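Please look through it before turning to the questions.

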Amino acid sequence: MPEGNGTVALAFSGGLDTTVCVSLLKEEYGYDEVIGVTVDVGQPDYEFEEAQETAEALGVEQHVVDAKAEFADLCMEAVKANADYQGYPLGTALARPVIAKAILSVAEEEGCSAVAHGCTGKGNDQLRFEAVWRDSDLDVIAPVRELGLTREWENEYAAEKGLPVEGGDGGRYSIDTNLWSRSIEGSELEDPSMIPSDDIYKWTDNPSDKDAELVEVEFEDGVPVAVDGEALGGVELIEQLNEQAGSHGIGRTDMMEDRMLGLKVRENYEHPAATVLLTAHEALEGLVLTQEERQFKAQVDQEWSQKAYQGLVDAPLTGALEAFIDDTNERVTGTVTVKLEGGHCRPVSRESDYAVYSESAASFNEEDVSGGITQQDATGVAKYHGFQSRLANKILDDVKKGTAVTDGSGEGSANSNGSAASEATEE
Ligand code: ARG
């Protein structure tokens, strides 16, 4: 048995993977001591209890780091970026860099020589953790990946070593929970054609005929700051909306997800608060941003989401995208009312001092627009609109029929009425 490698800080949940890792880090990798680090990004209490019990049973020193506020701040960045990846609001992805940084801090404070995680070599999380850790001088250890472990092998190993693994199979599904979302994967859910039973969901009730409810969300610079007139910090605001919207069955996603390594996986998520906040935020942007800003921002948002999915929230590109996102969001201040009803939510009202909206300009009841622009002024625009397309179609037609003008100038192909003229065929 190798030894003398010092202390390693392990991302520790108390589940099967990380429990097996504790033993392997000592026996296979030769670490003298393993410190378990559990980072609080809003998991339910029983997960911490389980981690603590397991750590005690293993004789491992456990550190719990509260990173909820920092994580909530990142979720608010995601709101500003209307962030989703293939329809998934990025809970796990956003949490990983926060967790990785917290573990690295503990490892450095405790004078560790290495950091370790229990991720497999197939998923995204190994990449997200290591993107942060490989910026340090510490060794990075990934026992499950490096030793090619399967859950079956882990269960046998745990039994053989008498490791404290509850129920023997570490739970039916692989669950990952944080403030922003709850992810459920594994077991029969791996089959994309398998219809999941309702009991996989814990945050969302089945949509029922429960009365619809209105909720008013107030934004300042793109960040939600109050619900129904009550000012709330990020953590409380997300927690409250998870409860409220979850009771209407809002925020379930059942999808095929393309992982970074190219593997397609079936994923189930629930994310009630995220769905409400993203819906409300987008509605407010619709009121205050110009058409061209909205169009360009949709691309910026997708790029930001992509980097967030990769766990690269500190990449220079992410920062540059955030400069645009923050600049436009300086006007995303106001309130949106969202209707929660039968598993769905939709904006039903929005207000802002920055509204790029003139009721008289758009109204059917006013003759003129504003600033001396009359309805008749649109005639010229209407004549030109689509001119190039009409011309292109006409030319295509003529070429097919063999009646095209051959000088290539296209001149005389449109008459003064703006239509693609018949001159080409007349010649
Ligand atoms: N596939 C998602 C992601 O990479 C979530 C994975 C959550 N993990 C879990 N064991 N349920 O972001």
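Predicted model: local features only at pLDDT ≥ 70, side-chain atom pairs only at ≥ 80, totals over all residues.

Burial and binding-site residues

Me: Is L16 buried or exposed?
Reply: L16 has 25 other C-beta atoms within 10 Å. A residue is buried if 20 or more other C-beta atoms lie within 10 Å of its own, exposed if 12 or fewer, and partly exposed in between, with C-beta atoms placed from the backbone. L16 is therefore buried.

Me: In which helix is T19 found?
Reply: Helices (H or I, at least four residues) and strands (E, at least two) are DSSP runs, numbered from the N terminus. L16 has its place in helix α1, residues 16–27. T19 is likewise found in helix α1.

Me: Is T19 buried or exposed, and which residues does T19 touch?
Reply: T19 counts as buried because it has 29 C-beta neighbours inside 10 Å. Contact requires that the C-beta atoms of two residues, placed from the backbone, lie within 7 Å. Not counting residues up to four places away in sequence, T19 touches G14, T54, L58, A158, L163, P164 and V165.

Me: For the UniProt "binding site" (unreviewed entry) that lists A11 and G118, what is the largest C-alpha distance?
Reply: UniProt lists A11, F12, S13, G14, G15, L16, D17, T18, T19 and G118 for this feature; its positions are given in the numbering used here, feature names are shortened, and annotations may be inferred rather than shown by experiment. These residues are spread over 108 residues of sequence, yet they cluster in space, with a largest C-alpha distance of 12.5 Å.

Me: Where is T120 found, and is T120 buried, exposed or partly exposed?
Reply: UniProt also places a "binding site" (unreviewed entry) at T120, N124 and D125. T120 is found in the loop between β4 (114–116) and α5 (125–133). With 16 C-beta neighbours inside 10 Å, T120 counts as partly exposed.

Me: Which residues is D125 in contact with, leaving aside its neighbours within four places in sequence?
Reply: The place of D125 is in helix α5. D125 has 21 C-beta neighbours inside 10 Å, so D125 counts as buried. Leaving aside its neighbours within four places in sequence, D125 is in contact with R96 and C119.

Me: Which element gives the most to the shell around the ligand?
Reply: The ligand is surrounded by T92, A93, N124, S174, I175, D176, S183, E185, E257 and E267, where near means a C-beta atom, placed from the backbone, within 6 Å. Elements giving two or more residues to this shell are α4 (91–109), β6 (174–177) and β7 (182–185). The most, three residues, comes from β6.

Me: What is the radius of gyration of the chain?
Reply: The chain has 15 helices and 14 strands. The radius of gyration is taken over C-alpha atoms, and the globule rule is 2.2 Å times the number of residues to the power 0.38. For 427 residues the rule gives 22 Å, and the chain is well over this, so it is more spread out than a compact globule, with a radius of gyration of 28 Å.

How values were computed:
Residues numbered from 1 in each chain as written.
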